[in-house]
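Please keep the sequence and the structure in view while reading.

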Amino acid sequence: MASNFYIVHHEFRAGTSSKWWETAYAAMVPGGGWDEAVAANKEKGFFNHSANAVTANGPVYCIWETKEGISIEEFQEFIDGPTGPGFGLSALMNICKPIDTSLMNGQTPYPRVFS
């Protein structure tokens, strides 16, 4: 078995986008904790390959990869949880859809991080 890929559709709850962007930008500055959070999530088996915002008010579409053995329920719990992309703000409604790579003859959207 191999790792799994997901498309995650994030919608902002009403009135939360500004606080979320402020928090995200603060995390991304040097020393803001972004690199540590990415490393901690990777250690747990979750890796974000890309984040693609349509507008500042959403939606945002992300491609995530999970290591082998993580169920869709565990992934959803992570995405909705305090160490997921919502920064514990309850700003995002997250719809996680697994990507069936077998339909593309095994081609993945990004090279696998978890092999």
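The text below goes from the overall build to the core, the pocket and then some individual residues.

## Overall build

The model is predicted. The protein holds 3 helices and 4 strands. Read from the N terminus, these elements follow the order β-α-α-β-β-α-β. The radius of gyration is 14 Å, close to the 13 Å that the globule rule gives for 115 residues, so the protein is as compact as a globular protein of that length. The C-alpha trace spans about 40 × 30 × 20 Å along the principal axes.

Of the 115 residues, 35% are buried. Among contacts with a separation of 6 or more, 71% are between residues 24 or more positions apart.

## The nonpolar core

The largest nonpolar core consists of 17 residues, and V8, W20, W64, F75 and I79 have the most contacts inside it. Two or more residues of this core come from each of β1 (4-12), α1 (17-28), β3 (60-66), α3 (72-80) and β4 (92-98).

What does W20 touch beyond its neighbours within four places in sequence? The contacts of W20 are F12, P85, G86, F87, L89, A91 and L92.

## The largest pocket

The largest pocket has a volume of about 560 Å³. Its lining has 27 residues, and W34, N48, W64, P85 and F87 are those nearest the centre. The elements that give two or more residues to this lining are β1, α1, α2 (34-44), β2 (46-53) and β3. By class, the lining has 20 nonpolar, 6 polar and 1 charged residues.

W64 has a place in both accounts: W64 is among the core residues with the most contacts, and W64 is among the lining residues nearest the pocket centre. P85 and F87, which are also among the residues nearest that centre, are in contact with W20.

## Buried residues and their contacts

| Residue | Relative accessibility | State |
|---|---|---|
| S3 | 7% | buried |
| A24 | 1% | buried |
| T66 | 0% | buried |
| T101 | 16% | buried |

S3 is placed in the segment before β1. Leaving aside neighbours within four places in sequence, S3 is in contact with E65, T66, K67, E68, R112 and F114. The C-alpha atoms of S3 and F46 are 9.9 Å apart, and the two residues are 43 residues apart in sequence.

T66 is part of strand β3. With neighbours within four places left out, the contacts of T66 are S3, N4, Y6, G45, F46, F75 and F114. F114 is therefore a contact of T66 and also of S3, and T66 counts as buried at 0% relative accessibility.

A24 belongs to helix α1. Not counting residues up to four places away in sequence, A24 touches W34 and F87; W34 and F87 are also among the lining residues nearest the centre of the largest pocket. A24 and Y110 are 86 residues apart in sequence, with 23 Å between their C-alpha atoms.

T101 is in the segment after β4. Is T101 buried or exposed? T101 counts as buried because its relative accessibility is 16%, under the 20% limit. Not counting residues up to four places away in sequence, T101 touches G106, Q107, T108 and R112. R112 is also one of the contacts of S3.

## Backbone points to note

Most residues other than glycine have a negative phi, and most peptide bonds are trans.

The peptide bond from G58 to P59 is cis, with omega near 0 degrees. P59 is in the loop between β2 and β3.

F87 is not a glycine, yet its phi is positive at about 55 degrees. This residue is in the loop between α3 and β4. With a relative accessible area of 25%, F87 is partly exposed.

N105 also has a positive phi, near 55 degrees, in a residue other than glycine. N105 is in the segment after β4. Is N105 buried or exposed? N105 is exposed, with a relative accessible area of 75%.

How values were computed:
Residues numbered from 1 in each chain as written. Predicted model: local features only at pLDDT ≥ 70, side-chain atom pairs only at ≥ 80, totals over all residues. Heavy atoms only, no water. Core = buried A, V, L, I, M, F, W, Y, C linked by side-chain atoms within 4.5 Å. Buried < 20%, exposed > 50% of the residue type's maximum accessible area, 1.4 Å probe, protein only. Contact = heavy atoms within 4.5 Å. 1 Å grid on protein atoms, 1.4 Å probe; cavity = no way out; pocket = protein on both sides within 12 Å on 5 of 7 lines; lining within 4 Å. Points joined across faces, edges and corners; volume = space filled by probe spheres on them. Nonpolar A, V, L, I, M, F, W, Y, C, P; charged D, E, K, R; others polar. Rg over C-alpha atoms; globule rule 2.2 N^0.38 Å.
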